[in-house]
Amino acid sequence: MLADKVMVVTGAGGGIGRDIALAMAQAGARVVVNDIGASVAGEGSDAGPAQRVVDEIRAAGGQAVANTDSVSESASAARIVGCALDHFGRIDGVINNAGILRDRFFHKMGDDEWDTVIKVHLYGSYYMSRAAATHFKEQESGVFVHMTSTSGLIGNLGQANYAAAKLGVAALSKSIALDMQKFNVRSNCIAPFAWSRMIGSIPTETPAEQQRVARMKQMTPAKIAPLAVCLASDAAADTNGQIFAVRNNEIFLISQPRPVRSVHRSEGWTPEMVASHALPALKAQFFPLERSGDVFSWDPV
């Protein structure tokens, strides 16, 4: 499905990114495997993870090159795109998968925890997309697949930085889709759920928590890869500006914000009238505020 295409996969040294890179190579793509080799919190660096994925791809007969530049700065993101051009002569797709976590309840969150997570997820997706956009426009083809999260789409505890970044990624994707569709460039999102080191710190202190984690471990990173490969291929040429989610063997189309109900008063509104009439009329359509994403349960059926 990806024969002769060149794909850049960020954060591809392990977890979801690794399986996407492997699957894209298996589908015929030449792959830039990008990963700085940092911890889940974004600390440190190690060229080993990216190179090991490249070695796996080459051992299976594919073509790949490792890159350890960071997505969180414009210049280094440009070098990642440049790596594809230097080694393979073109670029056809960017999978914005790189990410870190620095979870903290909002009232305890520090500025550095906010800034660092936003830089990697939201700025990183922007920098990578912007660096590739010029080439996509010139060749009048290209595809972006961004990783969003139900933490942003639905909500979660202790992840204000991550949730804000991931909801921003969804908006970024839609804007790219609208701005670049005339150049035959597509942009879509995946909200993945898979057992990896990014969620490996979930508590397992009670039998119920242990049972939940055992179910979650069924959802391997490899379950995300087929959708990513499809969205990057010409088979999804008519799919643009959408948000998908993957839970084990299920693929979801996620709704996007639309008005659900309105109230009108020809004389206009006072604060008192809003309180006595508008809010009561709209409350029937309010969405419940639940803990930890329970509105959309991610436990596998």
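A residue counts as buried when its relative accessible area is under 20%, and this cut-off is used in the legends below, which describe close-up views of a predicted model.

**Figure 1. Asn97, a buried residue in a loop.** Asn97 lies in the loop that runs between strand β4 (93-96) and helix α4. Its relative accessibility is 14%, and because buried means under 20%, Asn97 counts as buried. When neighbours within four places in sequence are left aside, the residues in contact with Asn97 are Thr10, Gly11, Ile16, Gly17 and Met147.

Figure 2. A polar atom of the Asn67 side chain lies 2.9 Å from the backbone nitrogen of Asp69. Apart from neighbours within four places in sequence, Asn67 is in contact with Val32, Val33, Asn34 and Asp35, and also with Ala50, Arg79, Ile80 and Cys83.

**Figure 3. The packing of helix α3 against helix α4.** Helix α4 comprises residues 111-139, and the axes of α3 and α4 are 8 Å apart, with the two helices packing at an angle of about 45 degrees. The two helices are therefore oblique to each other, because an angle between 35 and 65 degrees is neither roughly parallel nor roughly perpendicular. The crossing in which α3 passes α4 is right-handed. On the α3 side the contact is made by Ser74, Ala77, Ala78, Ile80, Val81 and Leu85, and on the α4 side by Tyr127, Met128, Ala131, Ala132 and His135. Sorted by class, the residues of this contact between α3 and α4 are 9 nonpolar and 2 polar, with no charged residues.

Figure 4. Leu85 has its place in helix α3, which covers residues 74-88. The relative accessibility of Leu85 is 26%, so that this residue counts as partly exposed. Once neighbours within four places in sequence are left aside, Leu85 is in contact with Arg90, Ile91 and His135. Leu85 and His135 are 50 residues apart along the chain, and their C-alpha atoms are separated by 9.8 Å.

**Figure 5. The crossing of helices α1 and α8.** Helix α1 (residues 15-26) and helix α8 (residues 225-232) have axes that come within 9 Å of each other and cross at roughly 50 degrees. That angle makes α1 oblique to α8, and the crossing of these two helices is right-handed. In this contact Asp19, Ile20, Ala23 and Met24 of α1 meet Ala225, Ala228, Val229 and Ala232 of α8. By class, the contact of α1 with α8 consists of 7 nonpolar residues and 1 charged residue, with no polar residues.

**Figure 6. The chain as a whole, as a setting for the close-up views.** The secondary structure of the chain amounts to 9 helices and 8 strands. Of the contacts between residues at least 6 apart in sequence, 68% join residues that are at least 24 apart.

Note on methods:
Residues numbered from 1 in each chain as written. Predicted model: local features only at pLDDT ≥ 70, side-chain atom pairs only at ≥ 80, totals over all residues. Heavy atoms only, no water. Polar contact = N/O pair within 3.5 Å; in protein donor to acceptor, adjacent residues only side chain to side chain. Contact = heavy atoms within 4.5 Å. Helix = DSSP H or I, 4+ residues; strand = E, 2+ residues; numbered from the N terminus. Buried < 20%, exposed > 50% of the residue type's maximum accessible area, 1.4 Å probe, protein only. Axes fitted to C-alpha atoms, helices over the stretch in contact; angles between N-to-C directions. Parallel < 35°, antiparallel > 145°, perpendicular 65-115°, else oblique. Left-handed = near helix turned anticlockwise from the far one by under 90°. Nonpolar A, V, L, I, M, F, W, Y, C, P; charged D, E, K, R; others polar.
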